[in-house]
Amino acid sequence: MTAANGAAGADLLLDIQGLRTWFHTRDGVVKAVDGVSLQLRRGEILGLVGESGSGKSVTGFSIMGLVGERGRVQADRMVFDGHDLLSASAEQMRRLRGDRLAMIFQDPMMTLNPTLRIDTQMIEAVQAHDTVSGKAARARCLDVLRMVGIPAPEARLKAYPHHLSGGMRQRIAIAIALLNAPRLIIADEPTTALDVTIQGQILYEVQKLCRETGTALIWITHDLALVSGLADRMAVMYAGRIVESADTAALIRHPQHPYTHGLMASIPSLGTRGQPLFQIPGSTPSLLNLPEGCAFRSRCYRADAQCEQAPQLAEVAPGQWASCWHHGVQP
Amino acid sequence: MSSLLEPAVQPVGVRSAAAGRWRRFAAQFVSSKSAVGGLVVLVLCIAAAVFAPWLAPQNPFDLASLDILDAKMPPGSTNFDGTLTYWLGTDGQARDVLSAILYGMRISLFVGVVSVLSAFLIGTAVGLIAAYFGGRIDAFFMRIVDMQLAFPSILVALVLLAMLGKGVDKVIIALIVVQWAYFARAARAAAIVERNKEYVEAARCMSLSWHRILWRHVFPNCIPPLMVIATIDLAHAIALEATLSFLGVGVPVTEPSLGMLISNGFEFLLSGTYWICFFPGIALAIVVVAINLVGDHLRDILNPRNEV
Amino acid sequence: MLATIIRRILQTGVIVLVMSALVFAALYMIGDPVLMMASPEATDLEREAIRRNLGLDRPLWEQYGIFLAKAVQLDFGNSFLTGESAMRLILERMPATLELATLAMFISMVVGVPLGVYAGLRPDSLPARAIMSGSVLGFSLPNFWVGLMLIMLFAVMLGWVPAGGRGPVEQFGPVALSLFNWEGLKNLILPAMTIAVAKCALIIRVTRAATRECLPQDYIRFARAKGLRERRVLGVHLLKNIMIPIVTIGGLEYGQVFAFAVVTETVFSWPGMGKLLIDSIVNLDRPVVVAYLMLTVVFLAMLNLVVDIGYTLLDPRVRLGGAA
């Protein structure tokens, strides 16, 4: 297996090689994630980009160990902060989750339990990992709420989730993620369900918090433009595999993979005003029946007979990795 | 230079859609072994009931064939000249329990099927009409339905039978009155969904008469949930008739259903002659459970988001 | 909230009125109670005397009017059969049915909820499938059949408990209960289990459906993402959400059992309200039947209201009578 881009192995916070998460359903095997390799250093921000069904959320869940009963997670290597996630017991994973490794979900409406108060849901997150008194836990909650910029935190604690707006709920979810000073936060499309104006705010605040606390972040999204303003590095996923990964600047300026070209071309800008919006032709293949070889073959403008063989992820430029036989910048 | 817009390789064709609806339905049905088992048992019971005169070793209603000395004999014993084995014993009037069960099943099934079919027709008609016309007609019928459904069936049936007296036909009437409301409510709910669909609008525009629209267009689409209700209701009807007969207000002694047989056997239960009550009870349980297994699975297939 | 309560009470009043008129008329049409009460050799003159005595010679609407006037003072007239106040007859029998219904629902919940949660957690496992098949059995078997089978097994064959009747009672103020002594409990257990079989099946189904619906929700996954112990995820996050439909349906079923345990009380000769009701219907004892049904309607309507209020307490998103 090829190693993904990255620094020397020693000070990696997260090192994943060859992650495969397959779901065994009645209709067949859904290969949601089929060979993903990622590496992350401490305090680094990675943007994981892909369309619906590309497997990006499942990647996040696989790291957290929240894949659900029908999924089988395999990898050559999956190490986080010195812990081997593959061989960890359920109890060891539970201790990591919410403590060293936190997650923020997409839909703030349903992330919080509607029948429990906010303080219950925050204090339990503290007390699951630390034996502290209720008072101390509550104090920590108030600190974190202030950190994410929530006004009147005492009143918020006593409220129920449906009393709060979507943006407020997501801020609380972020606060919960920060409660136990995690080393890595996985944010699964945290702003997709929010207004555009709030999106920008939250993006900025999250970036600030991560820089201040030195927390690494994986920001999963379908919005390449959004995350490019935030991330140090980006990885593009398609049909369960990483097709390109590089430093943000490099990816934006000279993308190597045809799919990335398509994504970049789809972003409307002032320059494309008045012209029809661009769309990559075709649609994502069903993960039940991936075609042989390169999964993007059926929609790719550079595809040919060679693409019937699956390309490997290779370093095509310094610090830039792509999996394509016909990689190269767009003319 | 090829542009981004044209894929160089043609996309793979989409697989053709699955086979016909009926085949899918049948496949889904046989996926539950308990439902198939229930159906088999039910068919056997119906066959046994229909062919009772030929299957039963004895006609328990032919008083001449009864020998009073053979009363209350335990299962497996024979009559004095060995020509007849009482596989399940005899009751207080020397009737062979097995034969009584077969004939009793006839009556139980007959009452159940007739009442459910009638309630189905009446209730569905009311429900469809209420849904189609809406407004006051709808409110009127549904108030009646709600009021009736607030009371448990046993009570409504009891009061009715006290009014009407004993007899198989009266029991059927009581059961129809109890059940039509379920069909009415389900038919109305299904019809309201259909009413808002475009094909009804189209049919109206073509000035089709309302009963034609209801019968030809709306009704066929309402059948799935109604089938589920009909099946489960059949089990309820049979159980209810048995309960009423057990309480003494159901079928008359001359035409004993399974419930009546159980009632007759109850008095003997405490003295140890259990079989007079036990075996008809088992027969009743088998029929009712079989129907419910089928109905339950039908509900899973036809109404995926239905409540309990 | 207060407006809704008042509106509900008014609606109940209307329903009670309409229903009382219907039952009054229906029972009038059933038959002539005088024929039941007078001996067969009574002369017509004697029958007339009885009729006049009971006020049955007046026109129907007048009888109804008199009845209503008295009903408002909670005087439902006297039983045609025994001459006792109908109200008192019913109240006398209420504790027996109360303890039966309470024990039956208690058993159903205590057994049904854990089984239902298990069936919801692992729906494809063998125990779960067995539980679901068992639940089909539970609500398809006729009530009286279950009672008979239990009698046959535990009373006749094993002799562990008596086959019918109520055990010795202890006084708790105005109420006599047999629940709290051992002998009384022995008599109570079989009829309670008979009712519990069907109700437990229902609770299992409701619980399983609620569990299946709540488990895939994001907040459960989020609770696990926070690193909470599994028993907290299930015991607090899941339970709090599934309790809503369970308590709602359980409450309503309790009302049904309490008001209409007719069959079970007959099978076990249990001296409760249900047995009184069926005896009264068969004997055409109109005052008792009408009184019973009216009280039942009021009780069930109040219970509905209590359950609705309870629902708003359990689910903080709902406000009674206000915006959804």
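Trainee: What percentage of the 308 residues of chain B count as buried?
Mentor: This is a predicted model, where local features need pLDDT of at least 70, side-chain atom pairs count only at pLDDT 80 or more, and totals for chains, interfaces and linings use all residues. Residues are numbered from 1 along each chain as its sequence is written, while chains are lettered from A and ligands numbered from 1 in the order in which they are written. A residue is buried if 20 or more other C-beta atoms, placed from the backbone, lie within 10 Å of its own, exposed if 12 or fewer, and partly exposed in between. The buried share of the 308 residues of chain B is 44%.

Trainee: How many helices and strands make up the secondary structure of chain B?
Mentor: Helices (H or I, at least four residues) and strands (E, at least two) are DSSP runs, numbered from the N terminus. Along the sequence of chain B the pattern reads α-α-α-β-β-α-α-α-α-α-α-α-α. The totals for chain B are eleven helices and two strands.

Trainee: In chain B, what percentage of contacts between residues at least 6 apart in sequence join residues at least 24 apart?
Mentor: Two residues are in contact if their C-beta atoms, placed from the backbone, lie within 7 Å. Taking contacts in chain B between residues at least 6 apart in sequence, the share that joins residues at least 24 apart is 68%.

Trainee: Which helix of chain C gives the most to the side that touches chain A?
Mentor: The contact joins 18 residues of chain C to 24 residues of chain A. On the chain C side, two or more residues each come from helix 9 (218-225) and helix 10 (230-259). With six residues, the one that gives the most is helix 9 of chain C.

Trainee: How many residues on that side of chain C are charged?
Mentor: Ala, Val, Leu, Ile, Met, Phe, Trp, Tyr, Cys and Pro count as nonpolar, Asp, Glu, Lys and Arg as charged, and the others, Gly among them, as polar. The side of chain C that touches chain A has five nonpolar and four polar residues, and its charged residues number nine.

Trainee: Which helix of chain C gives the largest share of the side that touches chain B?
Mentor: Here 30 residues of chain C meet 31 residues of chain B. Elements of chain C that give two or more residues include helix 1 (2-30), helix 6 (126-140), helix 7 (143-157) and helix 8 (182-214). The largest share, eight residues, comes from helix 7 of chain C.

Trainee: On the side of chain C that touches chain B, how many residues are nonpolar?
Mentor: One residue of that side is charged and five are polar. The nonpolar residues on the side of chain C that touches chain B number 24.

Trainee: Which strands of chain A stand at the edges of the sheet?
Mentor: Two strands pair if DSSP finds at least two bridges between them. The open sheet has eight strands in the order 7-8-9-3-10-11-13-12 (chain A), with mixed pairing. Each edge strand has a single partner strand, so one side of each is left without a neighbour in the sheet; these are strand 7 (101-104) and strand 12 (314-317) of chain A.

Trainee: How many of the six residues of strand 9 of chain A are buried?
Mentor: A:A216, A:I218 and A:I220 point one way, A:L217, A:W219 and A:T221 point the other way, and all are buried. Strand 9 of chain A is largely enclosed by the rest of the structure, because the number of its residues that are buried is six of the six.

Trainee: In strand 9 of chain A, which residue is the bridge partner of A:I186?
Mentor: Strand 8 (residues 184-188) and strand 9 (residues 216-221) of chain A pair in the parallel sense over five bridges. In strand 9, A:L217 is the bridge partner of A:I185. For A:I186, the partner is A:I218.

Trainee: In strand 9 of chain A, which residue is the bridge partner of A:G47?
Mentor: Strand 3 of chain A also pairs with strand 9 of chain A, in the parallel sense and over five bridges. Within strand 9, the partner of A:G47 is A:W219.

Trainee: Which residue in the turn between strand 10 and strand 11 of chain A has a positive phi?
Mentor: These two strands of chain A pair in the antiparallel sense over six bridges, with A:Y238 opposite A:R241. They form a hairpin with two residues between them, and the turn residue with a positive phi, about 50 degrees, is A:A239.

Trainee: Which residue of strand 13 of chain A stands opposite A:E244?
Mentor: Strand 11 and strand 13 (residues 320-322) of chain A pair in the antiparallel sense over two bridges. Opposite A:E244 stands A:A322.
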